[in-house]
Amino acid sequence: MADLKAFAEQLVNLTVKEVNELAQILKDEYGIEPAAAAVAVAAGPAAGAPAAEEKTSFDVVLKNAGAGKLAVVKLVKELTGLGLKEAKEMVDGAPSVIKEGVAKADAEGLKKQLEEAGAEVELK
């Protein structure tokens, strides 16, 4: 059983190149052809297709305040510069965009702060 778990872990950690090589060996040596869809997914974008551009700017969206609503309202007030009433309205109206066009590292930091206060947050 331990050998199978170790083998499964090795399979999961294969690179795309190694997956393609494994597929070729299975085909050549054993006549086993993986499904075309699986090979396409493992291979990534089609040859010549532009690679997906990594997103650099995010919107921080409050999905809901969770159990710590008061702490979330205070934090939203602090992060946005809104008054207490406006921050409460933003939290009550969730889902709400808290910040737009935020750099990835900053967005992740804001998300972490809000989640620590009890909110449910997503980056879009």
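**Figure 1. A nonpolar surface patch in the predicted model.** Phe7, Leu11 and Leu22 make up this patch. Its area is about 250 Å². Leu11 lies in helix H1, which spans residues 2-12. The relative accessibility of Leu11 is 36%. Leu11 therefore counts as partly exposed, a class that lies between the 20% and 50% cut-offs.

**Figure 2. The open sheet of three strands.** The strand order is S2-S1-S3. Pairing is antiparallel. S2 (96-103) and S3 (120-123) stand at the edges. Each has a single partner strand, so one side of each is left without a neighbour in the sheet. On average, neighbouring strands are turned by 20° against each other, direction ignored.

**Figure 3. The pairing of S1 with S2.** Strand S1 covers residues 57-64. Five bridges join S1 to S2, and the two run antiparallel.

Figure 4. From the N terminus on, the elements run α-α-α-β-α-α-β-α-β. Of the 124 residues, 18% are buried. Among contacts with a separation of 6 or more, 65% join residues 24 or more positions apart. The accessible surface comes to about 8800 Å². Carbon and sulfur atoms account for 57% of that surface.

Definitions and conventions: Residues numbered from 1 in each chain as written. Predicted model: local features only at pLDDT ≥ 70, side-chain atom pairs only at ≥ 80, totals over all residues. Heavy atoms only, no water. Pairing = 2+ DSSP bridges. Helix = DSSP H or I, 4+ residues; strand = E, 2+ residues; numbered from the N terminus. Axes fitted to C-alpha atoms, helices over the stretch in contact; angles between N-to-C directions. Patch = residues over 30% accessible without salt bridge, like charges linked within 9 Å, V, L, I, M, F, W, Y side chains within 5 Å. Areas by Shrake-Rupley, 256 points an atom, 1.4 Å probe, with all protein chains shown as cover. Salt bridge = Lys/Arg side-chain N within 4 Å of Asp/Glu carboxyl O. Buried < 20%, exposed > 50% of the residue type's maximum accessible area, 1.4 Å probe, protein only. Contact = heavy atoms within 4.5 Å.
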